[in-house]
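Student: Let us go through the labels used for this model. I want each one set against its cut-off.

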Amino acid sequence: MKKHLIAGAFTMATFLANAQEHQLVKKWETDTLLKVPESVLYDADNKILYVTNIDGQPWEKDNKGSVGKVGLDGKIITVDWVSGFQAPKGMALYKNNLYVADVDKVGVIDIKKGTLTQTIPVEGALALNDITVDKKGVLYVSDSKNKKVHRIENGTVTTWLENLKGPNGVLIDGNDLFVLDAGGLYKVEKDKSLTKLAEGMEGGTDGLEHVKGKDYIVSCWGGVIWYVNGDGTKQNLLDTREQKINTADIGYDAKNRIVYVPTFWKNKIVAYELK
């Protein structure tokens, strides 16, 4: 009996230790020259961070939005690297093209030239939010207000998912598409049905990044970041709601385990190492 109790206690202790094994350790923060930064994308090849600046209200079409560049040391290289956007949000990189979700269209930036070379209108879109790309260059972009996810292949737009609750973060991981919808993380199956992987993430699920295996990091716009384990359990890594610091669409350097957090109204990016 005693051996069973000891084994049981050890198992519970191990479970509790594993449940709390992750933490975010702050590395740096930029100055506050950014203009309502909504999304960060890590470019491993060019060792740079791309940042979308809304520079105004979240959905206002005022032609003030831009994409900036920040160094991996936290130094801002240029705030308005490429302008000509309305209220830009999520980004996806495929070869030399940076795709930017921008209210009702997707902008295409040639990163070598640093110019906006194309726009892809999404008819009827009200709130294009996050965007991801697969290995063949096919894009998936969420439309939060219309509660849809669109698919874009060779410039042709089709509706891929609809009747969602309020989709935001989208991510291609391997051959699979994942979506954040109203506090839940879902895998999109081949028949377009949704398999729930985790739920109960309050504050407006926003950014989604893959860590390893079946583990993910989820940011909530209100100021919370979660570590989601493969079994659906989750751990609160960061909560800055009391300080009124938002945690919008995060970027992630998987090799060095660095999480890049855009703070929206605080106009800066904060980098954390994931332990």
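The talk below takes aromatic pairs, charges over rings, and pockets in turn.

Tutor: Ground rules come before that. This is a predicted model, where local features need pLDDT of at least 70, side-chain atom pairs count only at pLDDT 80 or more, and totals for chains, interfaces and linings use all residues. Residues are numbered from 1 along each chain as its sequence is written, and side-chain values use heavy atoms, with hydrogens and water left out.

Student: How many aromatic pairs does the structure hold?

Tutor: It holds seven. Rings of Phe, Tyr and Trp (its six-membered ring) pair if their centres lie within 6.5 Å; planes under 30 degrees apart are stacked, over 60 edge-to-face, the rest tilted.

Student: Why is the pair Tyr-42 and Tyr-260 called stacked?

Tutor: The ring centres are 6.3 Å apart and the planes stand at 25°, so the pair is stacked. Tyr-42 is in strand E2 (residues 37-43) and Tyr-260 in strand E23 (residues 258-262), 218 residues apart. Strands here are DSSP runs of E, at least two residues, numbered from the N terminus. Tyr-42 and Tyr-260 are both buried, that is, under 20% relative accessible area with a 1.4 Å probe, protein chains only. Together with Trp-28, they form one aromatic cluster.

Student: What makes the pair Phe-178 and Tyr-216 tilted?

Tutor: Their centres are 5.1 Å apart and their planes are at 45°, so the pair is tilted. Phe-178 lies in strand E15 (residues 176-181) and Tyr-216 in strand E19 (residues 215-220), so parts 38 residues apart in sequence are tied together. Phe-178 is buried, and Tyr-216 is too.

Student: Which residue lies over the face of Trp-160?

Tutor: Lys-192 does, at 4.0 Å from the ring centre. The test asks for NZ of Lys or CZ of Arg within 6 Å of the ring centre and within 35 degrees of the ring normal. Lys-69 lies likewise over Trp-81, at 4.8 Å.

Student: What makes something a pocket?

Tutor: On a 1 Å grid over the protein atoms alone, a pocket is an open set of points where a 1.4 Å probe fits, with protein on both sides within 12 Å along at least five of seven lines; lining residues have an atom within 4 Å of a point.

Student: How much space lies in the largest pocket?

Tutor: About 810 Å³, counted as the space filled by probe spheres set on the points, which are joined across faces, edges and corners. Of its 35 lining residues, those closest to the centre include Tyr-42 and Glu-209. E2 gives the most to this lining, with five residues.

Methods. Helices (H or I, at least four residues) and strands (E, at least two) are DSSP runs, numbered from the N terminus. Buried means under 20% relative accessible area, exposed over 50%, partly exposed in between (1.4 Å probe, protein chains only).
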